Amino acid sequence: MHSTQPPANPKPVLISHALCPYVQRAAIVLLEKGVEFERRDVDLANKPAWFLDISPLGKTPVLLAGGAALFESAAICEYLDDTTLPRLHPADPLTRARHRAWMEFGSETLNTIAGFYNAADEAILTLKARELHAKFARMEHVLGDGPYFNGAAFCIVDAVFAPVFRYFEGFKRIGEFGFFDGLPKVNAWRASLAARPSVRAAARPDYAERLLKFLLARASMLSRRILAQQPDAFGAPMQH
Ligand SMILES: N[C@@H](CCC(=O)N[C@@H](CS)C(=O)NCC(=O)O)C(=O)O
């Protein structure tokens with residue numbers, strides 16, 4: 001049963017959804033800064049009134065901190081970076097502005113990922129796979145020697161792209177789509193991110209199972225591909 005009040009807690013509370021990549025980026029920033037926080041999941045299919053009161057767009061994440069309810073993941077990450085060390089954004093204003101722009105590019109990439117898993121037929125699925133490859137090819141040109149987006153230091157752009165790349169661990173079990181073909185820097189970058197403790201801790205242990213269930217529920221071309229390969233996927237055990 002849903003409570004009618006927002007949770008009261010001295011620790012920051014991250015209002016979450018188990019699969020949400022925008023929640024993960026905020027969780028990664030909190031973990032990188034060593035901030036203890038509580039995660040509270042909401043059912044996005046049945047949003048409680050207290051959640052709609054504090055989330056003007058009805059979306060996760062919301063961070064309850066400093067006596068306020070902050071919505072929008074970019075605003076949350078910026079607030080955390082302004083108030084808690086270590087700084088993850090670069091000090092130089094021009095570089096910082098570029099980083100903010102690439103954060104937005106990360107959000108657009110998430111929209112293309114949604115277009116991919118919701119594709120109604122093979123033609124759209126292939127088109128969206130190509131669009132994703134084109135986006136990652138763009139990243140290939142801005143990456144340096146790594147291991148992270150800005151070099152040696154982990155930054156907020158890394159926190160944005162780590163949940164982007166997490167989807168592809170699920171997609172690769174379904175088929176070969178060539179998302180990262182010929183992109184050695186992006187491949188090295190995503191391997192570095194996948195190994196980062198904050199990135200690993202930002203998703204639940206049953207993330208892969210939950211993602212599979214979510215993808216199957218799309219009734220999309222991708223769902224049909226999964227079912228063709230794993231006819232019993234609907235019977236996959238789920239932990240709650
Ligand atoms: N621009 C938002 C996007 C957040 C977002 O799309 N959250 C999704 C879950 S991953 C959501 O809450 N969807 C529920 C809905 O749109 O009704 C942010 O960066 O925080």
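This is a predicted model: local features need pLDDT of at least 70, side-chain atom pairs count only at pLDDT 80 or more; totals for chains, interfaces and linings use all residues.
The ligand is surrounded by His 17, Cys 20, Pro 21, Tyr 22, Leu 44, Gly 58, Lys 59, Thr 60, Pro 61, Glu 72, Ser 73 and Ala 74. Divided by class, the residues of this shell are six nonpolar, four polar and two charged.

Strands of a sheet pair through backbone hydrogen bonds, and they may do so in a parallel or an antiparallel manner. Strand E3 (residues 62-65) and E4 run antiparallel and are joined by four bridges. Within this pair, Leu 64 has Ala 69 of E4 as its bridge partner, while Ala 65 stands opposite Ala 68 in E4. The two strands form a hairpin with two residues between them, and in this hairpin Gly 66 takes a positive phi near 60°.

The helix packing can be described in like terms, given that two packed helices are described by the angle between their axes and the distance between the axes.

| Helix pair | Axes come within | Crossing angle |
|---|---|---|
| H4 (residues 93-117) and H6 (residues 156-171) | 9 Å | roughly 15° |
| H4 and H5 (residues 122-142) | 8 Å | roughly 160° |
| H6 and H7 (residues 184-195) | 10 Å | roughly 95° |

With axes that cross at roughly 15°, H4 and H6 are therefore roughly parallel to each other, and their crossing is left-handed. On the side of H4, the residues that meet H6 are His 99, Trp 102, Met 103, Gly 106, Thr 109, Leu 110 and Ile 113, and their counterparts in H6 are Ile 156, Val 157, Val 160, Phe 161, Val 164 and Tyr 167. The residues of this contact divide into 10 nonpolar, three polar and no charged.

The axes of H4 and H5 cross at roughly 160°, which makes H4 roughly antiparallel to H5; here too H4 passes its partner, H5, in a left-handed crossing. Thr 109, Thr 112, Ile 113, Gly 115 and Phe 116 of H4 make the contact together with Leu 125, Lys 128, Ala 129, Glu 131, Leu 132 and Lys 135 of H5. By class, this contact has five nonpolar, three polar and three charged residues.

For H6 and H7, the axes cross at roughly 95°, and that makes H6 roughly perpendicular to H7. Asp 158, Phe 161, Ala 162 and Phe 165 in H6 meet Arg 190, Leu 193 and Ala 194 in H7. The contact has five nonpolar, no polar and two charged residues.

Key: Residues are numbered from 1 along each chain as its sequence is written. Axes are lines fitted to C-alpha atoms, for helices over the stretch in contact, and angles run from 0 to 180 degrees between N-to-C directions. Angles under 35 degrees count as roughly parallel, over 145 as roughly antiparallel, 65 to 115 as roughly perpendicular and the rest as oblique. A crossing is left-handed if the near helix is turned anticlockwise from the far one by less than a right angle, and right-handed if clockwise. Two residues are in contact if their C-beta atoms, placed from the backbone, lie within 7 Å. Ala, Val, Leu, Ile, Met, Phe, Trp, Tyr, Cys and Pro count as nonpolar, Asp, Glu, Lys and Arg as charged, and the others, Gly among them, as polar. Two strands pair if DSSP finds at least two bridges between them. A residue is near a molecule or strand if its C-beta atom, placed from the backbone, lies within 6 Å of it.
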